[in-house]
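Colleague: Hi! Could you walk me through this one while I have it open on my screen?
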Amino acid sequence: KIAVDSVLGPHPAPGVLRALLPDALTGSPTALLVVVAAMVVVIAALQQALRLVTAVLQAFTGERLSLEFRAKLFDHVQRLSFAYHDVRGSSDAVYRIQYDALAIQKVAVDALAPLVTSVCTVVGMLVVTATIDWQLALVAVALAPVIVVASWRYRATVRPQWREAKQLEASALAVVQEVLTALRVVRAFGQEEREQRRFRHRSAEGMRRRVRLTLMQGGFGLVVGVTTALGTAAVLWVGVDHARAGALTLGELLLVMTYLAQLYEPLETASHKTASLQGALANAERAFELLDERGGVRERPGARPLRRGRGAVRFDHVSFAYDERHMVLRDVSFAAPPGSRVAIAGRTGAGKTTLVSLLMRFYDPTAGRIELDGVDLRDLRLADLRRQIAIVLQEPVLFSTSIAENIAYARPEATAAEIVLAARQARAHEFIAALPDGYDTAVGERGVRLSGGERQRISLARAFLKDAPILVLDEPTSSVDVGTEALIVDAVERLSRRRTTFVIAHRAATLAGCDMQLRLDQGRIAEIGRPERNGRPPREAVIGA
């Protein structure tokens, strides 16, 4: 405007410039042109500096928000009930943590900040345009309600479809995770092509939904673009008419048209952000749904601390159901004194694993109570309760770290000497020492680089190192050869000394050292007795309920 009206034209320089600069710069067209050129350079430099600062702040804020939100989701997922994970599977939670959590960054930084900026820009441009020609400003905003209504209707239509698209993506990810977890089975049965077709089918459904959403977004952009073009044409028509009538100078008309472009640009930006925001909001809804899920068992306010228990366990008329239609345990009662060994036998589905899960308070009983040293488990602090129990599973679980870190999982602060001692007690030191990297050997995902017997002995070493007063053994020798079984049985024998031990097993070698045997049948205790020894039938147990 200054260049057109005051350098090329006869109009004086704006009053602000005359007040700030000496007359030598504002009175000469050539000097004024130099000032205008310098202003262009300075403004451009300031804009680039602003963009740099904005980019850095957006990157830091967005990444920090995503990190904190993901960490919050991960922490919550670890505390959800096992029933939730049994129904949903792990892939759904993985997708929500890895992908849905990014929505917090898109909403807060990539969409919300530009929307706020656009609103401020629109207001500022309207004020400036209105001071120059209020009629032009009125014409410029006349079509804004059309954009607002279109945005509202688009949002209401697209959001549910984005949610469905995210669910389809999560289902495709579930196929990948399931196949990679069971890759040996897939290859053994030659089902690679079948799984490939299954993955492509689920992915194709998500692809078609996203293409449809892109088409809808493009149609919405077309409506916004045509609307702003109509507004620009109307302002140009009225502005030229005002310039002809002398109500506007040529520079003011150019200024209004430039501001108009900057007015409609934020409107288009806000509209496009509203469109792209729908996918992010669908992600955010899924992520917050995960946070809204109730956790598993909850610690009571004022729960009692427990340093180290004696190990006296009592089930008092305990019943449990995963849902109202399927009762797993019915009126189970027994008592195990400190240091006793309890064998739990029964057919598959009789409730053996559920019984020890209740002991570790993975679930709470539907009826009855479970006591440790005479105190209801629900009255104890969860962390303290679980410190009292060491567990060795039928399928040992190792993490993709070193052998030493796996052994020290329950006690990360353990010294190297304590780790080696635990490995010796578990009869694992010999094979660990023979490895090229010894205790620093990486075991791979789920311990795939070790044999089943080696993984089981590392799991036993972990239990030795934890040194808990209660021990749970879930079929510890079911998947090893006879020679390894002898090593594990010997380690189990030493591990269970002076500890209250619950053994889920069928092999006589594992049951031989037990003091009491509970035989479960359809969720009830069918018999309490002593395990068979040296061919003699079991007799009534002295210890028991």
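Colleague: Let's start with strand 9 and strand 10: in what sense do they pair, and over how many bridges?
Modeller: Keep in mind that this is a predicted model. Strand 9 (residues 516-521) pairs with strand 10 (residues 524-529) in the antiparallel sense, over 5 bridges.

Colleague: Which residue is the bridge partner of Arg519?
Modeller: That is Glu527, in strand 10.

Colleague: And how many residues lie between the strands of that hairpin?
Modeller: There are 2 residues between strand 9 and strand 10, and Gln522 in this hairpin takes a positive phi near 55°.

Colleague: Is Arg361 buried or exposed?
Modeller: Arg361 has 2% relative accessibility, so it counts as buried; the cut-off for buried is under 20%.

Colleague: What about Arg498, buried or exposed?
Modeller: Arg498 is exposed, with a relative accessible area of 76%.

Colleague: Changing topic: what is the order of strands in the open sheet of 4 strands?
Modeller: The order is 2-1-4-5, with antiparallel pairing. Strand 2 (326-336) and strand 5 (375-376) are at the edges; each has a single partner strand, so one side of each has no neighbour in the sheet.

Colleague: How many bridges does each pair have, going across?
Modeller: Strand 1 and strand 2 are paired over 7 bridges, and Val318 has Val332 in strand 2 as its bridge partner. Between strand 1 and strand 4 there are 5 bridges, with Ser319 opposite Ala367 in strand 4. Strand 4 (residues 367-372) then pairs with strand 5 over 2 bridges, where Leu372 has Val375 as its bridge partner.

Colleague: Which strands does helix 13 lie across?
Modeller: Helix 13 (residues 352-359) lies across strand 1 (313-323), strand 2 and strand 4, and runs at about 115° to strand 1.

Colleague: On to helix pairs. At roughly what angle do the axes of helix 8 and helix 11 cross?
Modeller: Roughly 170°, and the axes of helix 8 (residues 134-141) and helix 11 (residues 192-244) come within 9 Å. Angles over 145 degrees count as roughly antiparallel, so that is how helix 8 and helix 11 are described. Their crossing is right-handed.

Colleague: Which residues meet there?
Modeller: From helix 8, Gln135, Leu136, Val139 and Ala140 meet Ala234, Val235, Val238, Gly239 and His242 of helix 11. By class, the residues of this contact of helix 8 with helix 11 are 6 nonpolar, 3 polar and no charged.

Colleague: How about helix 6 and helix 9, at roughly what angle do they cross?
Modeller: The axes of helix 6 (residues 90-98) and helix 9 (residues 144-181) cross at roughly 120° and come within 9 Å. Helix 6 and helix 9 are therefore oblique to each other, and the crossing is right-handed.

Colleague: And who makes the contact?
Modeller: Helix 6 brings Ser90, Ser91, Val94 and Tyr95, while helix 9 brings Lys166, Glu169, Ala170, Leu173, Ala174 and Gln177. The contact of helix 6 with helix 9 has 5 nonpolar, 3 polar and 2 charged residues.

Terms used. Residues numbered from 1 in each chain as written. Predicted model: local features only at pLDDT ≥ 70, side-chain atom pairs only at ≥ 80, totals over all residues. Heavy atoms only, no water. Axes fitted to C-alpha atoms, helices over the stretch in contact; angles between N-to-C directions. Parallel < 35°, antiparallel > 145°, perpendicular 65-115°, else oblique. Left-handed = near helix turned anticlockwise from the far one by under 90°. Contact = heavy atoms within 4.5 Å. Nonpolar A, V, L, I, M, F, W, Y, C, P; charged D, E, K, R; others polar. Pairing = 2+ DSSP bridges. Buried < 20%, exposed > 50% of the residue type's maximum accessible area, 1.4 Å probe, protein only.
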